[in-house]
Amino acid sequence: MKSRAILERKTKSINKYTLTTENLSASKRELEMRKTSYSRLWYKPDTKFFKPKAYVKMDFNCPLAVSSPVAVAGLHYRLSLSDNGFELSLVGFNQKLRILLEAVIQKIANFEVKPERFSVIKKLVSGNVEKDEAESMVKHIEDVLFNDPKPICRPLFPSELLTSRVAELGTGMKYFYHQEGSDPSDENSALVHYIQVHQDEFSMNIKLQLFKLIAKQATFHQHRTVEQLGYIASLSQRNNSGVYGLQLFIQSSVKGPGHIDSRVESLLNDLESKLY
């Protein structure tokens with residue numbers, strides 16, 4: 001009887017998951033529902049899989065975080081979850097790394113959980129969201145961050161809006177940048193061969209992914225196994241602010257950058273002849 005009661009409670013819990021009405025008759029396009037001096041909200045209900053789940057992604061624009069004294073000093077830290085708790089990573093110039101460590105540890109030791117901050121996180125993990133609920137999430141965050149009697153945030157001035165720019169490489173043009181190693185005793189050479197392909201476009205994205213899948217193993221096999229240019233030989237796809245491309249990276253202690261570059265060009269020509 002006890003196991004049956006538990007099963008009934010679980011069944012009732014499962015039956016509480018229902019689809020919103022927006023999911024059944026909504027447009028397939030993403031809609032900008034709300035725009036204020038504090039935030040912008042885009043809304044896109046599920047019109048294909050019809051599952052009682054939701055996805056919320058938030059991008060906080062913080063210019064001061066990018067130009068903070070720590071970042072300007074070439075120091076960075078990251079706090080992330082681990083299997084047993086959390087992990088703190090610090091990277092940068094060793095001269096001031098200890099000072100950063102002490103400051104972060106002090107913040108961790110004196111950390112206080114504020115209920116109003118926790119309520120923001122709790123609201124963001126709710127699922128199967130309707131339009132009104134999506135707007136209420138954003139409104140709640142604005143109330144906590146901006147409309148408090150002592151607000152901790154303010155709207156950005158136009159000059160503070162950060163933009164990412166990518167230089168357009170001319171079609172058929174080749175650019176070469178050379179840099180000497182800082183350690184004369186280091187026998188390693190490295191080459192980064194970057195090919196700019198296109199701006200974000202669905203069909204081209206698929207073609208680029210297919211090419212990467214085809215060429216990735218061939219690149220490693222030819223440069224690492226056959227020619228033994230170096231231990232590191234990789235091909236990857238890059239996305240710089242919506243501009244897609246390919247990057248070949250090779251590090252070698254037996255050949256110089258000029259020879260490595262010639263072998264990369266040979267491989268690309270060989271792939272082109274086989275694919276076309």
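Analyst: Strand E7 is mostly covered, with eight of its 10 residues buried; buried here means under 20% relative accessible area, exposed means over 50%, and partly exposed lies in between (1.4 Å probe, protein chains only). Helices (H or I, at least four residues) and strands (E, at least two) are DSSP runs, numbered from the N terminus. This is a predicted model, in which local features need pLDDT of at least 70, side-chain atom pairs count only at pLDDT 80 or more, and totals for chains, interfaces and linings use all residues. Residues are numbered from 1 along each chain as its sequence is written, and side-chain values use heavy atoms, with hydrogens and water left out.

E7 spans residues 243–252 and runs antiparallel to strand E6 (residues 232–240), to which nine bridges join it; two strands pair if DSSP finds at least two bridges between them. Within this pairing, Ala-233 has Ile-250 of E7 as its bridge partner, and Ser-236 stands opposite Gln-247 in E7. The hairpin of E6 and E7 has two residues between the strands, and Ser-241 takes a positive phi near 55° there.

E7 also runs antiparallel to E5, and 10 bridges join these two strands. His-198 stands opposite Tyr-244 in E7.

The loop between helix H7 (131–145) and strand E5 (189–199) holds Tyr-175. Tyr-175 is partly exposed, with a relative accessible area of 44%.
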